[in-house]
Amino acid sequence: MSKPHMLLIGNASARSLERLDAVFTVHRMPEDRDAFLAQHGGDIEYVMASGGGGVPGALMEKLPGLKIVSNYGVGYDSVDVATAVRRKVVVSHTPNVLNDEVANTAIMLLLTTARNFVHDNQYLRSGRWAKDGDAPLSRGIAGCRVGILGLGRIGLATAEKLAVFGVDVVYHGRSKRDVPYHYYDDLTDMARDVDILISIAPGGASTLKIINREVMDALGPEGILINVGRGSVVDEDALIAALQDGRLGKAGLDVFANEPNVPQALIDLPNATLLPHVGSATVETRQAMGDLAVENLTAFHATGKAVTPVPECREM
Ligand code: NAP
Ligand code: 8YV
């Protein structure tokens, strides 16, 4: 029996490809997308998306037989879910398997930023320790109040891990949760009351640039902003200006508005610690994400149901 056709957008590990090849005829999206889609678009029923620009509505429209999009990653803002739902295409993602590692990243990035470790590393390597003496003092986080924007799966894991650092955790989201942390229904109010703001909120229209100038000014000159959610949540121009003016103390960022392009003005700022979107990037976590992304496709093929559909597709 012939195998159903699957399109891989972006990359997959050798392990994932081997498992996909066993069930599907796997096509990799080539450079010349239009020619490929004109020739094969009608055959494709399954898509796995891992970067590569995601799955916008215009691409979905060129796949008339599409049944499911398996997103490698928990955040699915690069998939046009509204079009998928309208077309009765299931979208799945990879929740929970990355909570631990991304929460670790948030905390490592916070500590690195607060303690100036990137600069201290450079201070030693450039010979300044021997030449100029001890590196400047930094600030610890004990006794700080930490506000989490987006106390979801990863946000909650981050809050729980923060307990050992002697900080007071509070949070903001659209709804109050049954958790032992103080809830703010307004982001600016929370920013005014905290020393550190950690964003682990998803991308998309409802969060676009909600960390704006007003929020940054409320956080203030001693404040620290950590973003491990999505770059689109922060007004990046306002962030650069706030860091340049000293209206915001420091920022630690794993995600950016237009990845992998990071504004030179941000790169030039000494009070910004920057990572190339590596929140989940360990061998173990990426393997678990790959396994779940593959299982969503193979389970759908076998049973008509994905293992971890996104909330909008749970009833499909
Ligand atoms: P989740 O469980 O769905 O949590 C998302 C949280 O954000 C929820 O608490 C939600 O609460 C809140 N939220 C959603 N829309 C909001 C809005 N408009 N205003 C305020 N709060 C809002 O998701 P997760 O699994 O924790 O993942 C969170 C995000 O992390 C992903 O979507 C992804 O973008 C990002 N991520 C980044 C990396 C990385 O490598 N840096 C890795 C994994 C994930 P309410 O519904 O109550 O508002
Ligand atoms: C991945 C992520 O880096 O899961 C997410 O939402 O942002 C990260 O875990 C990304 O999805 C891989 O392309």
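**Conventions.** I worked with a predicted model in which local features need pLDDT of at least 70 and side-chain atom pairs count only at pLDDT 80 or more, while totals for chains, interfaces and linings use all residues. Residues are numbered from 1 along each chain as its sequence is written, chains are lettered from A and ligands numbered from 1 in the order in which they are written, and side-chain values use heavy atoms, with hydrogens and water left out.

**Strands E1 and E2.** I took helices (H or I, at least four residues) and strands (E, at least two) as DSSP runs, numbered from the N terminus. I looked up strand E1 (residues 5-10) and found it parallel to strand E2 (residues 25-28), with 4 bridges joining them; pairing requires that DSSP finds at least two bridges. Opposite Leu 8 I found Arg 28 in E2. Between E1 and E2 the chain passes through helix H1 (residues 14-23), a right-handed β-α-β crossover (clockwise from the first strand over the helix to the second, with the strands pointing away from the viewer).

**Backbone exceptions.** Most residues other than glycine have a negative phi, and most peptide bonds are trans.

I noted Asn 96 with a positive phi near 70°. Asn 96 sits in the loop between strand E5 (90-92) and helix H5 (99-115). Its relative accessible area is 45%, so I logged Asn 96 as partly exposed (between buried, under 20%, and exposed, over 50%; 1.4 Å probe, protein chains only).

Asn 116 also has a positive phi, near 60°, and I placed Asn 116 in the loop between H5 and helix H6 (117-125).

I found a cis peptide bond from Glu 259 to Pro 260, with omega near 0°. Pro 260 belongs to the loop between strand E11 (250-253) and helix H12 (264-267).
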